[in-house]
Amino acid sequence: MEAISKVFDHVSGFAKKLTELLLTVLSLGVVAQVLLGEAMFGMDVIGNVVAIIDALGNGGVVGIIAIVVLISLLGKKE
C-alpha cells in the first residue's frame, strides 16, 4: 500500500509542477503579447484566454461552478 501512495505522490507532484510551468508560460505569453502587440508563435494567447472566460461566462451556473473549482485548484499551495 505504501508503494501505491508513493506513486500517487510522484504523479501528483508532477502534475503540480507541470501546472505551475504552464501557468508561467501562459503569463509570459500574455505579457509578451501586450508588450509586442501581436500573437506569439502564431498563437493569440489573450484571444484564447478571453474565449475561455467567455465560454465559462455563457455557461451560467455551470460556468460559475467551473470558475470556482479552477480558482480553488490553482489557489492551493502546500
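The model is predicted: local features need pLDDT of at least 70, side-chain atom pairs count only at pLDDT 80 or more, and totals for chains, interfaces and linings use all residues. Residues are numbered from 1 along each chain as its sequence is written, and side-chain values use heavy atoms, without hydrogens and water.

The chain holds 3 helices and 0 strands. Helices (H or I, at least four residues) and strands (E, at least two) are DSSP runs, numbered from the N terminus. The order from the N terminus is α-α-α. The radius of gyration is 16 Å, well over the 12 Å that the globule rule gives for 78 residues, so the chain is more spread out than a compact globule. This radius is taken over C-alpha atoms, and the rule is 2.2 Å times the number of residues to the power 0.38. The C-alpha trace spans about 50 × 35 × 20 Å along its principal axes.

Of the 78 residues, 6% count as buried. Buried means under 20% relative accessible area, exposed over 50%, and partly exposed in between (1.4 Å probe, protein chains only). The accessible surface comes to about 6600 Å², by the Shrake-Rupley method with a 1.4 Å probe. Carbon and sulfur atoms account for 74% of this surface.

L18 lies in helix 1 (residues 2–36). L18 is partly exposed, at 36% relative accessible area.
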